[in-house]
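Let's take a walk through this one together. Have your viewer open and follow along.

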Amino acid sequence: MGPDRGGPIATHRGRCAEAHLGCPCRGDETIHEERSREITEARGRSAESVECPECGSPTTPLAIVSWGNCRACRTAQSREVNPLRW
Ligand SMILES: [Zn+2]
Ligand SMILES: [Zn+2]
């Protein structure tokens, strides 16, 4: 994990390192920090299980904070939205 991985992934204005994890900040630090806090908190509770609001299956608090649903729902959705990305 070096700073240079040979791609244009570096700091792009309006982008964030966690955008692929569903971070909605688009470079807004306030939103980003608030979400980071939620994620940290959710990580601390990763042993708990919560219900996915979409399918009702048990999932982790982190998945809900990150994506708003469980991994299965998210995978199904990303296949629909970006069939070529996976
Ligand atoms: Zn962010
Ligand atoms: Zn689900």
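The largest nonpolar core is made of five residues: Cys52, Leu62, Ala63, Val65 and Cys70. Keep in mind that this is a predicted model. As for burial across the whole protein, 9% of its 86 residues count as buried.

Pick Leu62 out of that core and see what sits around it. Once you skip residues up to four places away in sequence, Leu62 touches Ile39, Ala42, Arg43 and Ser46.

Now zoom out to the overall layout. The protein has three helices and two strands, and reading from the N terminus the order is α-β-β-α-α. How far along the sequence do the contacts reach? If you take the contacts between residues at least 6 apart in sequence, 10% of them join residues at least 24 apart.

Is Ser57 exposed or only partly exposed? It counts as partly exposed, because it has 13 C-beta neighbours inside 10 Å, and a residue needs 12 or fewer to be called exposed.

So what does Ser57 touch? Setting aside neighbours within four places in sequence, Ser57 is in contact with Cys52, Cys70 and Ala72. As for Ala72, it lies 15 residues from Ser57 in sequence, with 9.1 Å between their C-alpha atoms.

Terms used. Residues are numbered from 1 along each chain as its sequence is written. Chains are lettered from A and ligands numbered from 1 in the order in which they are written. This is a predicted model: local features need pLDDT of at least 70, side-chain atom pairs count only at pLDDT 80 or more; totals for chains, interfaces and linings use all residues. A nonpolar core is a set of buried Ala, Val, Leu, Ile, Met, Phe, Trp, Tyr and Cys residues joined through C-beta atoms within 7 Å. A residue is buried if 20 or more other C-beta atoms lie within 10 Å of its own, exposed if 12 or fewer, and partly exposed in between; C-beta atoms are placed from the backbone. Two residues are in contact if their C-beta atoms, placed from the backbone, lie within 7 Å. Helices (H or I, at least four residues) and strands (E, at least two) are DSSP runs, numbered from the N terminus.
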